[in-house]
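My entries follow in the order in which I looked things up.

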Amino acid sequence: AARYGKGKAKGKWQKANGKVGGISWGAFGRGGRAWRGLVDGGGVMILSMSRRIALAAAFVSALLGQQDFSAFEPLYREALVRREKQLGPEHPKVAESLTNLALLLKNKGDPAAAEPLLRRALAIDEKSLGSEHIRIGEDLENLASVLEARGSLDAAERLYRRAVAIRERALGKEHPDVAAPLTKVASLLEAKGELSQAEPLY
């Protein structure tokens, strides 16, 4: 409970976190879970109360169909700066904030700006977790998706395949979580016109 502050500040945040503009997060299903991911994984709790409430309101607008995520960017950047100052530039939590900001930029249509952030996040995680950690596979998938969006299909394929290999070694070839990056490899091969190689992977 201490994490969310005390007294009036705690009450204001709980209200914003649970309902903004009369809208309950629970009504959004996956959207509500996405909000929790922003709170727990994006460094949101580092922000001031007013900035948290602004982020909550922006998320509501996006969920209601406006799909304008531009309001998130300054908040994500602020959370990143605060994490770097409080935890140091090489902390895994900084890598999380870098990834969140990068994926936002990609979704806004700016994969070029996202790429260096994801490369930095990958370097931080490899240094702290090792090159075979399951999270490295996630980092590789994120970076591959950006390279794919930029048209670097061969480079993206290599990273997707690395992600598949890491998951297979960590989870086993038959684990459901291996299917996601494997399907991305197949889809990319199909986009490259290599149908004979893609078909067995589906």
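Which pattern does the protein chain follow when read along the sequence? I read it as α-β-β-α-α-α-α-α-α-α-α-α.

**Entry 1: basis.** I note that this is a predicted model, in which local features need pLDDT of at least 70 and side-chain atom pairs count only at pLDDT 80 or more, while totals for chains, interfaces and linings use all residues. Residues are numbered from 1 along each chain as its sequence is written, and side-chain values use heavy atoms, with hydrogens and water left out.

**Entry 2: the chain as a whole.** I find ten helices and two strands in the protein chain; helices (H or I, at least four residues) and strands (E, at least two) are DSSP runs, numbered from the N terminus. Of the 202 residues, 41% are buried (under 20% relative accessible area, with exposed over 50% and partly exposed in between; 1.4 Å probe, protein chains only). The chain exposes about 10500 Å², 53% of it supplied by carbon and sulfur atoms; the area comes from the Shrake-Rupley method with a 1.4 Å probe. I also looked up the contacts (heavy atoms within 4.5 Å): among those with a separation of 6 or more, 56% join residues 24 or more positions apart.

**Entry 3: helix 4 and helix 5.** I record packed helices by the angle between their axes and the distance between the axes. Axes are lines fitted to C-alpha atoms, for helices over the stretch in contact, and angles run from 0 to 180 degrees between N-to-C directions. For helix 4 (residues 72-87) and helix 5 (residues 92-107), the axes come within 9 Å and cross at roughly 165°. The two are therefore roughly antiparallel (over 145 degrees; under 35 is roughly parallel, 65 to 115 roughly perpendicular and the rest oblique). Helix 4 passes helix 5 in a left-handed crossing, that is, the near helix is turned anticlockwise from the far one by less than a right angle. The contact includes Phe72, Tyr76 and Leu80 of helix 4 and Val94, Leu98 and Leu101 of helix 5. By class, I list nine nonpolar, two polar and six charged residues; Ala, Val, Leu, Ile, Met, Phe, Trp, Tyr, Cys and Pro count as nonpolar, Asp, Glu, Lys and Arg as charged, and the others, Gly among them, as polar.

**Entry 4: helix 6 and helix 7.** The axes of helix 6 and helix 7 (residues 134-149) come within 9 Å and cross at roughly 160°, and the crossing is left-handed. I then turned to Glu115, which lies in helix 6 (residues 111-129). Is Glu115 buried or exposed? At 13% relative accessibility, Glu115 counts as buried. Beyond its neighbours within four places in sequence, Glu115 is in contact with Leu143, Val146, Leu147 and Arg150.

**Entry 5: helix 8 and helix 9.** Helix 8 and helix 9 (residues 176-191) pack at about 160°, with axes 9 Å apart, and are therefore roughly antiparallel. I looked up Tyr160 in helix 8 (residues 153-171): Tyr160 is buried, with a relative accessible area of 2%. Which residue lies 21 residues from Tyr160 in sequence and 6.0 Å from it in space, C-alpha to C-alpha? I find Pro181 there. Pro181 is also one of the contacts of Tyr160, with Glu141, Ala144 and Leu188 among the others.
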